[in-house]
Amino acid sequence: MKYETVIGLEVHVQLKTQTKIFCSCSTEFGRPANENTCPICLGMPGVLPVLNKKAVEFAMQACLATHCQINPCNTFDRKNYFYPDLPKGYQITQLNLPIGEHGHINIDVAGVKKRIGITRIHMEEDAGKLVHGENEDQGKSYVDLNRTGIPLIEIVSEPEIRSPEEAREYLSQLKAILEYTAVSDCNMEEGSLRCDANISLRPIGQKEFGTRTELKNLNSFRFVQRAIEYEVERQTQVLDQGDKVIQETRLYDSDQGVTRSMRSKEEAHDYRYFPEPDLVRLTMDTEWIERIRKTIPELPEQNRKRFVTEHDIPEYDAGVLTASQPLANYFEECVSLHPQPKTISNWIMGDLLHELKNDDREIQDCPVTPGSLTDLLKLIDKGTISGKMAKTVFEEMYQTGKPAEEIVKQKGMAQISDSSAIDKMIDDVLTANPQQLEGYRNGKEKLFGYFVGQVMKASKGQANPALVNQLLKDKLTQQ
Ligand SMILES: [Zn+2]
């Protein structure tokens, strides 16, 4: 380990407003191309932007939830560049007086707790999208401006992240905070949360930063981690060979698992920022800020601490269960129906999250409701089914959405807890195995396990194992 990794993340988050940031066009995702547009977001000459108050309030919530100080005076600026998906020829953003500054997020990587600073949060508008034709459409490009003018915040971290794992954890904590406050749906597939990463290496002990590269548009947690891992490895090799890292923007190719140069510093844009003349400065008085502060709900960190004290579950479990608010709610609903928090936590972290992950589904779309999960757990408690059977029943519940009891009945899975029936099976097994019985009597006590196995087999796994053990012991000591 010769080098220290220095990572800073810039995260763009779409705010969950109904309408765009400077006009009243809808923000609905998936509409036909260019349907959600008007002269303002199409950049027609002479139109004037009007700031969406709800977007400002969402941005304020994001600032307060990440411990940022809100600037009572905000200004907007024009960032000029030409691109076909930007009809105005500039993007309205905030340069000198952003909405929030000096915040932080607490992370925990394998038990090591750390605070990552947030430099700033600013508001801006999104650009449109280019669609490149394929097959017979090859060589043609189309532009869809539905996304133009969608309200975004950009959250810029301090360069205090030191590993790909910390980057991933920072991002998942940030996502959880934004979801808890409901300022964004954070849907990465729909582009509501996008991440750029600045990465550099420096010899351990050196204060000055090394030359950095920027990875653009990482759209999943896994890619963020992998892309950074690859980039750290690449820069290490460059430095080891005595070469210099070139300051450039790189793209991550998730199919090949490599990063590729997109543009070097020489080609970097000069945006010619200047104050946006069409928008007045935005002032936020204390009363407004305090009113918004009151709307901040319990955040993931507080939620985690409460789960540990209130439900007496390990910190690790609490961390997994508060990764999203719907998941935390699911857990608490289960606990209210069946007050065995640790058992429930085990089921959620194990079978439930496993199935959801396989299916690429969110907890909101889980076919097994808290009511049906706890019904299953009650069947185990009553001794109707064993813990092992419950796993099979759970899989079936997940696939079909049927209640536990119905599946147990249909499959004839109920555990046999009728002692006379088990007694009969024990007798049959002992009669059928006279040699082993004699062996047992002559001191081969290990054969006890063999008899248990035979009885379980005879019952097709349905006999209550504890009862089999007990009745078998009784019988063998009697005779
Ligand atoms: Zn519009």
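This is a predicted model: local features need pLDDT of at least 70, side-chain atom pairs count only at pLDDT 80 or more; totals for chains, interfaces and linings use all residues.
**Zinc site**
- Cys23, Cys25, Cys38 and Cys41 each give the zinc ion an SG donor, at 2.3 to 2.4 Å (donors are N, O and S atoms within 2.8 Å of the metal, or 3.2 Å for Na, K and Ca).
- The angles among the four donor atoms run from 100 to 116 degrees, making the site tetrahedral (for four donors, all angles between 85 and 135 degrees).
- Along the sequence, the spacing reads C-x1-C-x12-C-x2-C.
- Cys25 is buried at 9% relative accessible area (buried is under 20%, exposed over 50%, partly exposed in between, with a 1.4 Å probe and protein chains only).
- Cys41 is buried too, at 5%.

**Aromatic pairs**
- The count is eight aromatic pairs (ring centres of Phe, Tyr or the six-membered ring of Trp within 6.5 Å; planes under 30 degrees apart are stacked, over 60 edge-to-face, the rest tilted).
- Tyr271 and Tyr273 have ring centres 6.1 Å apart and planes at 70 degrees, so they pair edge-to-face.
- Tyr271 is partly exposed at 21%, and Tyr273 is partly exposed at 34%.

**Charges over rings**
- Lys54 has its charged end over the ring of Phe58, 4.9 Å from the centre (NZ of Lys or CZ of Arg within 6 Å of the ring centre and within 35 degrees of the ring normal).
- Arg78 puts its charged end over the Tyr90 ring, 3.9 Å from the centre.

Technical notes:
Residues are numbered from 1 along each chain as its sequence is written. Side-chain values use heavy atoms; hydrogens and water are left out. Four donors count as tetrahedral if all angles lie between 85 and 135 degrees; four count as square planar and six as octahedral if opposite donors are over 155 degrees apart and all others between 65 and 115; anything else is irregular.
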